[in-house]
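Dear colleague,

Please find the structure below, together with its sequence. I would be grateful if you could read the notes that come after it with the model open.

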Amino acid sequence: MQVLMNKVGVPLISAEKTLSHIVKYWVVVALLGQWMFAAYILSIYALPTIFGNSALTFSLSPGQGANTESSAESLVFFVHIIPAALMAMSGLFQLFPSIRKKYPKFHRYNGRMFLTLGLSGALTGLYLTWGAGFRFSDLGSLGVTFNGILIPIAIYFAWKAAIEKKFTIHRRFAIHSFILINGVWSFRLYLMGWFVVNQGANGNSASIDGPADIALSFASYLLPMAIAEVIFWAQRNKNNNISCEVNLASHSHQVPHIGLPQTAPVTRETKVTVAPIGARAIIAIKDVLTCQTKPIKAAIAIALYKLFDNTALGTCT
Ligand code: HEM
């Protein structure tokens, strides 16, 4: 990517700002997409059920779950679907730093709701796929199954770190939880995007087990998770560079060309007003004869060189 430079060669666009803008645009687009997903769930599943028009749900739902004869499976199906609308409406607010700072209580309660519903969505989803048998094919269900297994793991670490107040770790796993919980949403986006790019199916099948279906079902969460990891790595690296510079600066007193401050001559002095302790001491010493002795030159030299030796040792170790 070409970076624009001004006349003195200073970059006009910094990588950091570009990344921050990209993240902002992504949040706006994702928010719209999430709300559309919530509107889809509400209009196809929630509202017809509330108003007793299940025939509408049966005719519009692309899956098999809405048409089941078993009331237990039907209950699990709706317990799986309806909270998905709630998560789609409020989940993204967890990622806004301003909301986190201004309304920490909202962040806590919304986060607890999102992670609890996400956990329930993963467990009920695994049951619907492998217990109730609502799957188009075994191979085509592997991507979403791995997604369903990773969700509780990411939630566990995000929650644990929040309780332990390890917020960097919490942020990392909360973002992975968010990506994983939204894996089924992004799979639909990736699939539709694939159809648009290829002007129709290409490596897809009706039972969602074509090579493109399988690749997209894994990529829908693994790709954004990998991108998130690259961003975390860049941020960690930036922080490490700063602390490295700080370390180097703090060690600069040992650099030979600067000299040893402990033994270097004092070139600046500050005038201070001292208490008259010395004057009082001289008067007191006059009266005590033992205090009027002076050390010989050799004793002064020994004491002085011992002092130099001690400071030199302290510097080198
Ligand atoms: C926690 C995040 C999840 C959300 C938000 C979610 C959302 C949805 C939605 C909206 C539907 C309705 C289908 C449609 O109209 O397109 C659905 C159906 C279904 N989901 Fe999930 N889901 C999640 C996780 C999972 C997982 C992890 C699995 C499997 C391991 C799974 C398996 C299923 C199954 C089997 C159906 C029924 C399909 C059918 O009716 O044939 N879901 N889910």
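Predicted model: local features only at pLDDT ≥ 70, side-chain atom pairs only at ≥ 80, totals over all residues.

Residues are numbered from 1 along each chain as its sequence is written.

Overall fold

The chain has 11 helices and 0 strands (DSSP runs numbered from the N terminus: H or I of at least four residues for helices, E of at least two for strands). Buried residues account for 19% of its 317 residues; a residue is buried if 20 or more other C-beta atoms, placed from the backbone, lie within 10 Å of its own, exposed if 12 or fewer, and partly exposed in between. Among contacts between residues at least 6 apart in sequence, 63% join residues at least 24 apart, a contact being two C-beta atoms, placed from the backbone, within 7 Å.

Helix packing

Helix H3 (71-90) packs against H1 at an angle of about 145°, with the axes 8 Å apart. Axes are lines fitted to C-alpha atoms over the stretch in contact, and angles run from 0 to 180 degrees between N-to-C directions. The crossing of H1 and H3 is left-handed, that is, the near helix is turned anticlockwise from the far one by less than a right angle (clockwise would be right-handed). The residues of this contact divide into 14 nonpolar, 2 polar and no charged. For these classes, Ala, Val, Leu, Ile, Met, Phe, Trp, Tyr, Cys and Pro count as nonpolar, Asp, Glu, Lys and Arg as charged, and the others, Gly among them, as polar.

H3 also passes H5 in a left-handed crossing, where the axes come within 9 Å and cross at roughly 145°. The contact of H3 with H5 has 11 nonpolar, 8 polar and no charged residues.

Nonpolar core

The largest nonpolar core has 32 residues; such a core is a set of buried Ala, Val, Leu, Ile, Met, Phe, Trp, Tyr and Cys residues joined through C-beta atoms within 7 Å. Two or more residues of this core come from each of helix H1 (15-50), H3, H5, H6 and helix H7 (167-181). Ala88 is among the residues with the most contacts inside the core. Beyond its neighbours within four places in sequence, Ala88 is in contact with Gln34, Trp35, Phe37, Ala38 and Ile41.

Ligand surroundings

Of the 26 residues around the ligand, Gly63, Gly65, Gly121, Gly125 and Gly148 come nearest (a residue is near if its C-beta atom, placed from the backbone, lies within 6 Å). H5 gives the most to this shell, with 7 residues. By class, the shell has 14 nonpolar, 12 polar and no charged residues.

Two single residues

Leu150 lies in helix H6 and is buried because 20 other C-beta atoms are within 10 Å. The C-alpha atoms of Leu150 and Ala122, 28 residues apart along the chain, are separated by 8.9 Å.

Ser70 sits in the loop between helix H2 (54-60) and H3. Ser70 counts as exposed because it has 10 C-beta neighbours inside 10 Å. The C-alpha atoms of Ser70 and Ala132, 62 residues apart along the chain, are separated by 9.6 Å.

Yours sincerely
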